Amino acid sequence: MQITVVPASPRTGQAAIRTLLADASNPTIKGYYRDLAKVPAEFKSNPRFEAVQGDVDDGATLDFSGSDAVFHITPPLYENTDVVERARLVSENVKAAIKKASVKRLVLVSSMGAQYGHGTGEILSNHEAEVVLQNAAPEVVFVRCGFFMENWGMGLETLAEGFLYTTLTPIDHPLPMIAVKDIGTICAAEVLATGTPLPANPHIFELHGPRPYTASEVHKLFEEATGKSIELRPVPKEGLDAFYAAVFPPLVAGYYAEMNKSYLPGGILDVNPEPTEGKTRYGTTELREVVEKLVAGA
C-alpha cells in the first residue's frame with residue numbers, strides 16, 4: 001500500500017508518518033515538502049519513506065500516481081492573506097491531483113466547527129477544505145479535531161518572565177483538546193483502512209482528548225512541570241482583537257480573534273460543541289504528558 005502525506009512537515013503529518021512507518025503492514029510513504037532540508041533524519045533513513053519536493057499552493061508540483069490513499073492537512077497561514085481563499089486554492093489543487101491519480105481514499109485533518117460557514121474565524125479554512133474535498137475520492141474521511149494541546153507551547157516564550165497568557169476565558173471554562181500524537185495515530189488508522197466500507201461518505205467524526213481542560217488546569221500543569229510559581233494572565237474576550245493584532249498581520253489576526261471567540265461562553269462552538277450527530281472519538285494522551293514534554297524541550 002502506498003500512502004501520500006501532503007504536506008508532510010506539519011506536526012500532524014509527522015505524527016501520522018511515524019505511526020505508518022511503525023505499522024506491521026509495511027506501507028510505503030511519500031511525503032511532500034516545499035523544502036527538502038526540513039525532512040527529519042528519522043524519515044530519510046527509512047527505506048519505505050520517500051521525500052518529494054512539492055507545494056500545495058502549486059498544483060503542477062503534485063503527482064499522487066500510485067497512491068492508494070492521501071493524508072492531507074490544510075496548512076496554517078500566518079501571512080497577510082485571506083486564509084479562506086488560500087484554503088480553497090490548496091484544496092482544489094489537492095483534489096485535482098487525487099482525481100488524476102484515481103486515489104481511493106482521502107483523510108483530511110479538519111477542525112471542530114468546520115461544519116459552520118460563518119462565525120468561526122480561522123476554522124473557516126477547514127470548512128472551505130471540507131466543501132471542496134467532500135467528493136475528491138471514492139472514500140473521504142474528515143477528522144474534526146479539538147484544540148491542539150501542543151498549541152500551549154506558544155506560552156513557553158513568556159514562562160522565562162514568570163507568566164503565561166491564556167485566551168481561554170473564563171479560566172474555568174472547559175475546551176476539548178487533543179494531542180498531536182493521538183491525531184497521527186487515529187488518522188493513520190483511517191488511512192490504513194482504505195478499501196473498507198465507510199458508514200457514510202464523507203465519514204465525519206469529532207476527535208477529542210480523554211477529557212476537556214480549562215485554562216486553570218493548564219496553568220497548574222505548567223507550574224508542576226517547571227516547579228515554579230507562574231502568573232496566569234487571562235486575555236478577556238473584549239481584548240482578543242488587540243491581542244492577536246499584536247501577533248499577526250491584520251487579515252490573519254481578525255480570523256484568529258473570531259475563532260477564539262467562537263469557543264468561549266456564548267460562542268457558536270460553545271453553544272453547539274458536538275454537532276456531528278454525537279460521533280466523537282477520544283485520544284488517550286493526557287495534557288500533563290504534553291505539557292511536560294513542552295517544558296522539557298524548551
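Me: What sits over the ring of Phe-163?
Reply: The charged end of Arg-233, 3.7 Å from the ring centre. A charge counts as over a ring if NZ of Lys or CZ of Arg is within 6 Å of the ring centre and within 35 degrees of the ring normal. This is a predicted model, where local features need pLDDT of at least 70, side-chain atom pairs count only at pLDDT 80 or more, and totals for chains, interfaces and linings use all residues. Residues are numbered from 1 along each chain as its sequence is written, and side-chain values use heavy atoms, leaving out hydrogens and water.

Me: And what lies over the face of Phe-205?
Reply: Arg-281, at 4.6 Å from the ring centre.

Me: Back to Phe-163: which residues form the aromatic cluster?
Reply: Phe-163, Tyr-165, Phe-243, Tyr-244, Phe-248 and Tyr-256. Rings of Phe, Tyr and Trp (its six-membered ring) pair if their centres lie within 6.5 Å; planes under 30 degrees apart are stacked, over 60 edge-to-face, the rest tilted.

Me: Why is the pair of Tyr-165 and Phe-243 edge-to-face?
Reply: Because the planes stand at 70°, with the centres 5.5 Å apart.

Me: How do Tyr-244 and Tyr-256 pair?
Reply: That pair is tilted, 6.2 Å centre to centre with 35° between the planes.

Me: Is Tyr-244 buried or exposed?
Reply: Buried, at 9% relative accessibility; Tyr-256 is buried too, at 10%. Tyr-165 is partly exposed at 37%, as is Phe-243 at 24%. Buried means under 20% relative accessible area, exposed over 50%, partly exposed in between (1.4 Å probe, protein chains only).
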